[in-house]
Amino acid sequence: MLSEELAAVRCDLDDFAAEMFEPFARADQCRWDGVYLRGLLLDGGRKSVEPMAARLGEDGNRQALAHFVTSSPWDAAHVRARLAWRMQPVIKPSALVIDDTGYGDASACVTRQYTGTAGKVTNCQAGVSLHWLPTAPPRR
């Protein structure tokens with residue numbers, strides 16, 4: 001069942017999803033993009049498909065969500081770019097810094113990949129962070 005907070009903003013969230021995922025041409029993508037977004041915003045520790053589907057109640061079709069995430073042809077870079085353009089007037093950044101860091105060689109989801117942290121290919125997770133550096137206030 002959706003939380004009361006999420007239910008209160010569902011129309012706005014559906015409009016936002018339609019804007020971010022606007023280039024999606026297939027009806028199944030248009031159906032599941034907003035559901036996936038709601039699943040990411042709901043309370044709960046794990047944001048993988050199965051727990052999200054359970055929290056989404058009647059919208060929680062695990063198989064359809066899994067297909068949307070893993071097999072549906074969409075470009076995440078395009079969605080990120082649309083989001084960046086949407087947020088630019090709100091946050092007015094002077095600089096955005098994207099950083100990837102390798103960590104956790106003994107935890108879940110570890111795979112062999114290059115990490116700048118180690119300077120080589122090693123077993124690790126890669127975490128990507130986005131930092132906003134605001135414009136400095138004028139000096140007096």
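Predicted model: local features only at pLDDT ≥ 70, side-chain atom pairs only at ≥ 80, totals over all residues.
**View 1. S2 and S3 are joined by five bridges and run antiparallel.** Strands here are DSSP E runs of at least two residues, helices are H or I runs of at least four, and both are numbered from the N terminus; two strands count as paired if DSSP finds at least two bridges between them. In this pair, Arg 112 sits opposite Asn 123 of S3. Residues are numbered from 1 along each chain as its sequence is written, and side-chain values use heavy atoms, leaving out hydrogens and water.

**View 2. Zoom out to the open sheet, with its three strands in the order S1-S3-S2 and antiparallel pairing.** At the edges are S1 (95-103) and S2 (111-115), each pairing on one side only. Nine bridges tie S1 to S3 (residues 120-133), and Ile 98 faces Leu 130 of S3.

**View 3. Here H3 (residues 27-41) meets H5 (residues 62-70), their axes coming within 10 Å and crossing at roughly 100°.** The axes are lines fitted to C-alpha atoms, for helices over the stretch in contact, with angles running from 0 to 180 degrees between N-to-C directions. H3 and H5 are therefore roughly perpendicular (65 to 115 degrees; under 35 is roughly parallel, over 145 roughly antiparallel, the rest oblique). Residues in contact (heavy atoms within 4.5 Å) include Trp 32 and Tyr 36 of H3 and Leu 65 and Phe 68 of H5.
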